[in-house]
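Colleague: I've got the model open and would like to go through it with you. Shall we start with the ligands and then do the strands?

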Amino acid sequence: MKITDVRVIITCPGRNYVVVKILTDEPGLYGVGDATLNGRELSVASALKDHIAPLLIGRDPDRIEDIWQYLFRGTYWRGGPVLMTALAGVDLALWDIKGKRANLPLYSLLGGKTREGAWCYTHAGGRDAVACEDSIREKMAQGFRFVRAQVAVPEAIGTYGVGGAKEAASATWSGPPLDKGGGEAAGPLAQGGALPSVELNWEPANYLRVVPKLFAHLRDKLGDEIELLHDVHERLNPIQAARLAKELEPFKLFFLEDPLRPEHKESFRVVRHASTTPIAMGELFHSKYECLTLFQEQLIDFIRCDIGHIGGVTEARKIAALAEPYGIQTAWHGPGDIGPSTHSANVHVDVSIPNFGIQEMVHFPEAVNEVMPGAPEYRDGRLWPNEAPGLGCDVDEEAAKKYPYKRGYLPTTRRADGSVHDW
Ligand code: CS2
Ligand code: MG
């Protein structure tokens with residue numbers, strides 16, 4: 001069998017997605033993969049169309065590991081978000097073809113089920129602790145046993161993971177002029193705008209004051225049966241992260257996510273030595289090599305890599321295997337800005353490995369399901385793998401044309417003194 005064509009489909013059903021469709025010389029047999037990198041979609045699409053696709057034509061799609069090694073090491077320039085997202089799109093499409101040829105769902109090719117469904121968590125948040133509590137109660141009513149809790153940070157204009165706070169905060173802004181030129185538009189625009197929105201006046205001190213109070217409130221009102229998670233989103237320095245992890249200990253979080261920037265791997269020692277709060281890290285990693293120190297020194301408890309940004313199923317399985325002997329569990333990244341076939345790959349890997357921890361999930365809007373059907377089903381607190389052969393996802397190229405690409409960016413963040421901070 002030979003690969004005859006590689007199509008790169010860019011579409012924007014609510015937000016931008018990049019889909020890879022690999023066609024073969026067997027009539028009707030093709031594979032679908034996701035290669036979406038929020039805010040850099042066209043870079044990935046160009047890497048695929050202009051550089052990678054020509055290398056795949058004529059190859060045997062059965063040889064996934066060889067093609068992976070060829071695209072990762074063989075092409076000399078390696079790694080990073082753009083190339084590893086492109087490689088992930090190819091990898092997912094090739095596993096999809098293999099599953100369709102075997103007429104088996106992917107989890108079966110990966111060794112079969114180790115569990116029935118994958119426990120999952122979703123997002124809750126609010127402008128204050130009471131609003132966040134209400135948001136969590138909504139999720140609990142939908143059957144979620146694991147919920148991520150985020151809250152607005154006082155004086156900040158816009159806060160990661162909190163709906164509605166932006167509007168409230170921007171109304172009260174009295175700081176320096178917002179328009180800094182150079183594309184930094186004034187105030188908290190909608191995420192995905194034609195220019196990056198700017199979250200302003202974000203201060204670690206305000207954040208470190210409000211988060212422990214949030215979890216004190218949530219445990220007081222919701223009790224300790226609900227599993228609670230929180231995403232620091234890489235915004236603290238080592239000693240601030242250590243202090244937060246320690247102050248959150250009494251509230252028994254399921255995990256505290258991304259307390260530090262990916263550049264600060266060694267500094268996880270400071271956080272680890274300060275508390276027993278479980279730590280999750282990894283959505284900004286792009287290869288198994290970035291996981292090694294954190295695994296070997298037992299500095300984290302959950303690995304949060306994004307299967308769509310790390311080279312796909314081929315690499316994710318290796319990361320899960322590397323983590324297993326250290327008792328580290330998986331918690332693959334699963335937000336709304338990666339496509340349905342990556343979410344499907346998440347669950348196929350989750351239900352076929354021994355060291356699964358938890359799976360992040362989102363409900364996709366109808367327009368996404370129209371263009372890219374096949375996302376995993378949510379039921380009773382768990383995600384259930386698509387039982388169709390392969391990944392079970394498809395792409396409707398005609399429907400995709402209805403939603404043309406629109407340039408979009410992730411937000412940026414500035415502190416009270418106007419300096420750049422991690423979003
Ligand atoms: C977040 C993501 O879900 C998460 O854990 O960190 O939503 C992240 O902000 C986006 O995927 C960035 O593209
Ligand atoms: Mg995160």
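Predicted model: local features only at pLDDT ≥ 70, side-chain atom pairs only at ≥ 80, totals over all residues.

What follows is a set of questions and answers on the ligands, the strands and a few single residues.

Colleague: Okay, ligand 1. Which residues are the closest to it?
Modeller: The shell around ligand 1 has 15 residues. By class, the shell splits into seven charged, four polar and four nonpolar residues. The closest ones are H233, E283, R304, D337 and E360.

Colleague: How far is a polar side-chain atom of R304 from an oxygen atom of ligand 1?
Modeller: Let's take the oxygen contacts one by one. D231 brings a polar side-chain atom to 3.0 Å from an oxygen of ligand 1, and for an N or O atom in the side chain of E257 the distance is 2.9 Å. For R304, the value is 2.8 Å.

Colleague: And how much of the area that ligand 1 exposes when taken alone does the protein bury?
Modeller: Staying with R304, its polar side-chain atom lies 2.8 Å from an oxygen atom of ligand 1. Taken alone, ligand 1 exposes 340 Å². Of that area, the protein buries 89%.

Colleague: Now the magnesium ion, ligand 2. What spacing do its donors follow along the chain?
Modeller: The protein donors are D231 through OD, and E257 and E283 through OE. They lie 2.0 to 2.2 Å from the magnesium ion. Along the chain, the spacing reads D-x25-E-x25-E.

Colleague: Where in the chain do E257 and E283 sit, and how many residues apart are they?
Modeller: Both are donors of the magnesium ion. E257 belongs to strand β8 (residues 255-257), while E283 is in the loop between β9 (279-281) and α10 (292-296). The pair links distant parts of the chain, and the two are 26 residues apart.

Colleague: Why does E283 count as buried?
Modeller: The cut-off for buried is under 20% relative accessible area. E257 is buried because its relative accessibility is 0%. E283 is under the cut-off too, so it counts as buried, at a relative accessible area of 10%.

Colleague: On to strands. Which residue in β14 is the bridge partner of W119?
Modeller: Strand β4 (residues 118-126) and strand β14 (residues 382-384) pair antiparallel over two bridges. With strand β12 (residues 359-360), β4 pairs in the parallel sense, again through two bridges, and there C120 faces Q359. For W119, the partner in β14 is R382.

Colleague: Which residue of β5 stands opposite H123?
Modeller: β4 also pairs with strand β5 (residues 146-151), in the parallel sense. Six bridges join β4 and β5. Opposite H123 you'll find R148.

Colleague: How about the hairpin of β1 and β2: which residue in the turn has a positive phi?
Modeller: Strand β1 (residues 3-11) runs antiparallel to strand β2 (residues 17-24), with eight bridges, and I3 has T24 as its partner. Five residues lie between the two strands of the hairpin. The one in the turn with a positive phi, about 100 degrees, is G14.

Colleague: N103 has a positive phi without being a glycine. Is N103 buried or exposed?
Modeller: Its phi is near 55 degrees, and its place is the loop between α3 (80-102) and α4 (106-109). Exposed means over 50% relative accessible area. Because N103 reaches 54%, it counts as exposed.

Colleague: And N201, buried or exposed?
Modeller: N201 isn't a glycine either, and its phi is positive at about 60 degrees. N201 sits in the loop between β6 and α7. Because its relative accessible area is 11%, N201 counts as buried.

How values were computed
Residues numbered from 1 in each chain as written. Chains lettered and ligands numbered in written order. Heavy atoms only, no water. Near = heavy atom within 4 Å. Polar contact = N/O pair within 3.5 Å; in protein donor to acceptor, adjacent residues only side chain to side chain. Areas by Shrake-Rupley, 256 points an atom, 1.4 Å probe, with all protein chains shown as cover. Nonpolar A, V, L, I, M, F, W, Y, C, P; charged D, E, K, R; others polar. Donors = N, O, S within 2.8 Å, 3.2 Å for Na, K, Ca; no water. Helix = DSSP H or I, 4+ residues; strand = E, 2+ residues; numbered from the N terminus. Buried < 20%, exposed > 50% of the residue type's maximum accessible area, 1.4 Å probe, protein only. Pairing = 2+ DSSP bridges.
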